[in-house]
Amino acid sequence: MEANYIVVLNHEEQYSIWPAGRDLPAGWREAGVEGGKSECLEHIARVWTDLRPISVRR
Amino acid sequence: MSAPNERNVADIRRALLERKVRQRVAEKAEREKIVPVPRTGKMAIAEQQRFLWFLHQMVAGAPVYNVPFAMRLRGPLDVARLSEALRGIVARHESLRTRFGDEHGVPFQTVDPPPESWDLPVTDGSEESIQDWIDGQVREEFDLRNSPPYRFGLLRLGPEDHVLSIVWHHIVIDGWSSRQFAEELTARYADPEGADFPELTLQPADFAAWQRLWLLSDEPAKQIEYWHSAVDGMEPLEWRTDRQRPSAPTGAGRIYETRLPDDLARGIRDLAKAEGVSLLALTMAGYQVLLNRYTGQQDIALGSVLSGRTRSEIEPMMGFFANTVVVRGDLGGNPVFRDLVHAANDNILEAMAHQDVPFGRLVEELKPERLPGRNPLVAHLFTLLPEQMIARWRLPGVEVEMLTPQPETTRFDITFQINDLPDGGLGVWIEYSSELFDHERIERLVEHFTTVMGDALSRPDARVDSLDIMSDDEYLRVLTAWNPEPGERDERLLHELVAARAAEAPDAVAMRFAGEDLTYAQLDERSSRLAHALVEEFKVAPGRVVAVLLERGFDLPVAELGVLKAGGAWLPLDPQYPPERLAYQLGDADVAAVLTTSDLAGGVPADVARLLLDTDALDRWPASPPSVQVSQEDTAYVIYTSGSTGTPKGVMVPHRAVVNFCTTFQQMFSVTPDDRILQFSNPAFDVSVSDVFSTLTAGGTIVGAPRSELLDPEKLQGLLARERVTMVDIPPAVLGLLDPSALDDLRVCFIGMEPFGADLVNRWSKPGREFHNGYGPTEVTVTCVDYLCPPEPLDGPPPIGRAMANQRAYVLDKALRPVPVGVPGELYMAGAGLAIGYLGRPDQTAEKFLPDPFATTPGERMYATGDLVRWNSDGNLEFLGRADRQVKLRGLRVELGEIEHAIETFDGVRQCVVTVRDQGTSSAWLAAYVVGEFEQDALREHLSGLLPLHMVPTDYVRLDQLPLTSTGKVDHARLPDPRPDGGAGQVELSTETERRVAEIWQSLLSLDAGSIGAQDNFFVLGGNSLQVTQMISRVRDAFQVTLDPRRLFSYPLLSQFAAQIDDAQRALLGDDEVARLEAQIADLPEEELDRLLKESS
């Protein structure tokens, strides 16, 4: 059974994954996607097109 | 009147039936009763004893199974009366008059007649001699074959002050019996005439005879059936020890005794009562949670000792009946603590119902993987000593104070025993292997147990996953106290720091190369011209990558600095890369241009723009830098690393991270403009970033040289001396080839990248020269963890230390929780050193850069290094290997890196890699590929002294160099098959001794005749520790020599072992005799030799 994760992002719009059901660390919010690890990572590969922190994107 | 009659008939029938049943049951019980058997010279011993007897042989001489009691007796003591009381006990209990012999490896017992008279040995002593004397009493070996299995003695300190020592061998007595012994001693001493002890009609020898028959009945088969299913699929507990397990353990141990806090003890008793479970079940459940956290395993199998007194006839007997059982806890599925307790209770009850099968028999039946130096099935015990079994030593008129003898031995890795104390408290008594564990580790074990029990009592309905094992203090220590306080960070850009140095001292030398100088002014001017070219001609801007494909020389820092001034990120490429790899990286990074020279440009794909630095292309651009907007979060460089799987990925390191690294470096080493720092590292690796920019940002001088000069130890030595180099960051293997004596200017050795031993440090460290062990993945910018070796010599490999400035190191388990000190976990790094991520790979970035739950600033990330480390008790990190290099070998966890490390400590070995062959099968084996000059047998022997036997590779393949992938990692697919001809070529048996040993091994291991060769390994053939003893016994019969069983572990190959026998036989005759025989043979004519040989065969 693959453990469940959620897709999360911080104020710099840097994406990551976090175990579902665990308290989310401060400064991170849910992106609204939950699933297996690979499912979450595939989602991130689609939506996170610029890896730079938002503060330096021009 | 028929009704009453009928009723009578029914009653009579019923009564008859009842009587029949009663008779049958009685007959059956009569048949199954333990009955006295005739005393003969050689009687059977109980299975428990047989097992212990084997173990006793294995530990040759160590007093591992001696059970001691010692007490101070103050007051008038009647020594004669005490002697007589002890003699009375020995006379009444045969077990204390039993000797053990063996025939063909099968032990038997002989009971001696009761002693007519006996005097307690009395020695005079003083207060200071007490501990030595009681320790001496317990540490002396018992000769079970020729002497009684007990030793009583009295130390006289004064007329009314004595110490009594009572020691016996565990083979004749157990915990239950010691309570009886103490009670009988009290009664006999108190009233020598009146003490009325009925003569015992049954003794342990009668039980042994009965047990033999019982073992042939149906009942044991049923119990064994139960155990088969109970241990099915059981994982051995793999608790990482503080020190490597020796291949031939001495059984050295320590005892640690303490008490649980009284309120916790009360809480435990209350909850056990409320839940209707045993104290053992409740405390064991807490211990299971603890071990689950320590090991990451969900299947926690522990041994536990039960009294074995399952028949009333055995109760009055003094003897060894206690038995070890296995109790498993299943923490899979994260159960509620209360449920775990009830499951433990059920399992313990089941174990009790099936405890009659002796543990040794169980081991023989279950045939678990046997490892020399390790207890079979369970090496870790959790047990409860019930109040009824705690011996009470009392002598009327004398005040008794218990003393603690230190046998300095242990039977298991760890025995964690809860003592159910009469005063309502709970004691903790731990016997542990001091070869494996440090004392602090055991103290922490009790601390963690106390914490987890406390938390579980306060919320028994919590899931076990959420229970705390660490105290708040320990959390603070590992998360905060052992990480540096956040400090000020320099907020400038990397090239701004260099520009400031150039402005301060324009004529200072920035770099030396091949006897020439490049000044800061020249560097600044040329890199500015390059920056203009990049901005104007190649549209470089922040976020764009520019490749640098150059040999070592002045162009390298110029190019890197020029890219930064243009706002871009440089990507260093190694001119030695194959063209495909170059093309891949250039395409993957979507480079704006390649900076290179005419001779190297041929390797660049035609469609990629290039700028040749060996032309006058830059001369037309201005000498002052272009104006571009760059942020500290913009990428400064991209360096490709290869993951364990898949294609290389480009790590994007921002200015913030590299500036933090360079400023930290300057502070750590107090770098000044007078420093001359070697540029050794391949420019395509990030250590070169340190060589170049730590120097330039501090105003120092880079000392460079062509690759060929750096890789030649003699030339490198000359360069370091000539250029008076003050700091080096080079691989340990290279440093090892240099001579420290002639390098007086060298004040810093910053060594890392791979683990190294104490020798290197001790050879190079000296007053005025710092030796650092640095650690860091590219993703955390060159080096993020550092250890400054102390001035005094090291006796083991140095740890990697602590996080450097503005960084944080966390050691976490799989659920991202901090692990306690000493427990292995994965290293996570957070703070100013973190890269932005992997270029063009958001998914892999998200997988390795996770939310940091421990950060004080919200929204920070932490990087999962994939490296296994642990905190030592001083708060330094120890590197243990890659988290993914752990393999299973016949169910046992094996760290391949550990084996490689051990091989690399052998003289002449330069490099090696170890792989598992036939992995996942029961015949899995290890192959070592070794680069260097070495003697295979000597290496094997060296390893068997360092590693447990199952970790010593079976096959060794010498290679000139390891096959590498294009990224520089070992290419496992191209390692040759160590056994190209399909199986191990069987080596012919060449001597008569070898042939006879082969016969013994064949019959013992049930192998076909002719299937064993001279190079076969006893353990690889399937031999286990019990069979070692049998083998030694058969060798004694065949060759009349007695070998220490442990010798087989050092010489496991048939040829080696046969040579040991030959040596032992010669030693028996003496040199003179052997020389005389040799002389006789030397004189014989050839025909005579032939004739004699034929005769003897």
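This is a predicted model: local features need pLDDT of at least 70, side-chain atom pairs count only at pLDDT 80 or more; totals for chains, interfaces and linings use all residues.
Strand 21 of chain B is covered on both faces: Lys649(B), Val651(B) and Val653(B) are buried on one side, and Gly650(B), Met652(B) and Pro654(B) are buried on the other. Strand 21 of chain B spans residues 649-654, and six of its six residues count as buried.

Strand 21 of chain B also has partners. Strand 20 of chain B, residues 635-641, pairs with strand 21 of chain B in the antiparallel sense, and six bridges hold that pairing. Along this pairing, Lys649(B) in strand 21 sits opposite Thr641(B). Strand 31 of chain B, which covers residues 837-838, is also antiparallel to strand 21 of chain B, with two bridges joining them. Here Val651(B) has Tyr838(B) of strand 31 as its bridge partner.

Zooming out, chain B carries 32 helices and 39 strands. Its C-alpha atoms fill a box of roughly 130 × 90 × 80 Å along the principal axes. Of the 1097 residues in chain B, 43% are buried.

Nonpolar side chains tend to be buried together in soluble globular proteins. The largest nonpolar core in the model has 257 residues, and the members touching the most other members are Leu534(B), Val546(B), Ala547(B), Leu571(B) and Leu595(B). Helix 9 of chain B, residues 279-295, supplies the largest share of this core, with 10 residues. A separate, second core has 20 residues, among them Ile899(B), Trp925(B), Val930(B) and Met951(B).

Setting aside neighbours within four places in sequence, Leu595(B) contacts the run of Val546(B), Ala547(B), Val548(B), Leu549(B) and Leu550(B), plus Ala559(B), Leu611(B) and Leu613(B).

Chain A brings 23 residues to it and chain B brings 20. On the side of chain A that touches chain B, the elements giving two or more residues are strand 1 (4-10), strand 2 (15-19) and helix 1 (37-47) of chain A. By class, that side of chain A comprises 14 nonpolar, six polar and three charged residues.

Technical notes:
Residues are numbered from 1 along each chain as its sequence is written. Chains are lettered from A and ligands numbered from 1 in the order in which they are written. Two residues are in contact if their C-beta atoms, placed from the backbone, lie within 7 Å. Helices (H or I, at least four residues) and strands (E, at least two) are DSSP runs, numbered from the N terminus. Ala, Val, Leu, Ile, Met, Phe, Trp, Tyr, Cys and Pro count as nonpolar, Asp, Glu, Lys and Arg as charged, and the others, Gly among them, as polar. A nonpolar core is a set of buried Ala, Val, Leu, Ile, Met, Phe, Trp, Tyr and Cys residues joined through C-beta atoms within 7 Å. A residue is buried if 20 or more other C-beta atoms lie within 10 Å of its own, exposed if 12 or fewer, and partly exposed in between; C-beta atoms are placed from the backbone. Two strands pair if DSSP finds at least two bridges between them.
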